[in-house]
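Here is a short note for a colleague opening this model for the first time. Please read the points with the structure on screen.

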Amino acid sequence: MSLPSIDVEELERVLMALLNVPSPTGFTDEVARWLCAYLEELGISYEMTRRGAIRALLPGEAPRPARAIVSHLDTLGAQVKALKPNGRLELVPVGHWSARFAEGARVTIFSSAGAYRASILPLKASGHTFNAEVDTQPTGWTHVEARVDALSRSASDLQRLGIEIGDMVAVDPQPEFLPNGFIVSRHLDDKAGVAVMLAALKALVKEGSVPTVDTYFLFTIAEETGHGAGAVLTPDIASLVAIDNGTTAPGQNSDEFGVTIAMADQTGPFDYHLTRKLVELCRQHDIRYQKDVFRYYRSDAASAVEAGADVRTALATFGVDASHGYERIHMHALRSLAELAAAYVLSPVEIQRDAEAFSSVKGFTRQPVEEAPQVLRPDLVPHPQG
């Protein structure tokens, strides 16, 4: 089986376009509209939930056991917590991220009166006034504020502008696409995953490739707050591969090159058979890969299982440095992930029993439990002295 060719330039263009559409969790209507328009250009049928999650279908040779690939459109952001007497705004985070990465950010505040530009600053922002206190003040969301770029010297000024408690705040991505393939931006989690899925989908459509079974491309809108994929699954979906970021930090085995396949996250191990299928596909198609385990991480796959879905789950990631901060990835990982997604869509179904939600033990999977063969010969055992 040969894989369709991934258009890297189109992947880059799509990622840049996605990054430039503000979409903190709770404020995702416009990015959902952007995605629907893109799917229509490809001629892909889709359905949208009430809140804006999207389920696109690429029909296969058989309807079941259906497969799904999922990424999320929503990003980290903030929300107005209070209008302060000094005319600035107290903020709370949307999603889990540290205020130390918010300091200095340029943002847009979406009020009922319209959008305002602003900066997130520490409470003591001027070295000429606070001297060394600029460096010694604590870090945290109660120690930063948003300075609105409008006449706002009091809470009443903010009210006059139409800014209210609860207004959404989107953080500028500030993307840089470097000639050497590195990409630096906020919100690569998970706009890069969405771009990967669209690159794979476009390649499959362009070459007229037909999936082995019906395959759904799912795009969720509340992963950063823990809700994720539960609302867009169908009963026919037997396996779900999430595409998201993997952290390249000390103590982790993730990498900014190739595919990082997660074997477990904080909710437990991923499906034994599905993760090993992804590894085997990487081997078959010479896709660079590594495995990792994430202790402080969850994804759309976790939300699906926690919502009660009886679905096999796996997580394939692009390695990202400084996740939920000033993120960096490499195009090599995105291209590799798109190739793996295409390979998965076109691969045969090994577990035919998964076509039915309930069945007998006939055809049920097995996991290897046999003792590993070992041959120990004294002449082959290395001497401790070398």
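1. The side chains of Gln290 and Thr260 make a polar contact at 3.0 Å (a pair of N or O atoms within 3.5 Å, one able to donate a hydrogen and the other to accept it; residues adjacent in sequence count only if both atoms are side-chain atoms). Gln290 sits in strand S16, residues 289-293 (strands are DSSP runs of E, at least two residues, and helices are runs of H or I, at least four, numbered from the N terminus).

2. This is a predicted model, where local features need pLDDT of at least 70, side-chain atom pairs count only at pLDDT 80 or more, and totals for chains, interfaces and linings use all residues. Residues are numbered from 1 along each chain as its sequence is written, and side-chain values use heavy atoms, without hydrogens and water.

3. Gln290 counts as buried because its relative accessibility is 10% (buried is under 20% relative accessible area, exposed over 50%, partly exposed in between, with a 1.4 Å probe and protein chains only). Beyond its neighbours within four places in sequence, its contacts include Asn253, Asp255 and Phe257 (contact means heavy atoms within 4.5 Å).

4. Ser185 belongs to strand S11, residues 182-185. Its relative accessibility is 2%, so Ser185 is buried. A polar atom of its side chain lies 3.3 Å from the backbone oxygen of Pro173. Leaving out residues up to four places away in sequence, Ser185 also touches Leu19, Tyr326 and Glu327, among others.

5. How many cavities of 30 Å³ or more does a search of the whole structure find? There are two (a cavity is a set of points on a 1 Å grid over the protein atoms alone where a 1.4 Å probe fits but cannot get out; lining residues have an atom within 4 Å of a point).

6. Helix H9 covers residues 331-346, and its end C-alpha atoms are 23 Å apart, which agrees with the 22 Å its 16 residues should span at 1.5 Å a residue. H9 is mostly covered, with 13 of its 16 residues buried.

How values were computed: Expected span 1.5 Å × (residues − 1). 1 Å grid on protein atoms, 1.4 Å probe; cavity = no way out; pocket = protein on both sides within 12 Å on 5 of 7 lines; lining within 4 Å. Points joined across faces, edges and corners; volume = space filled by probe spheres on them.
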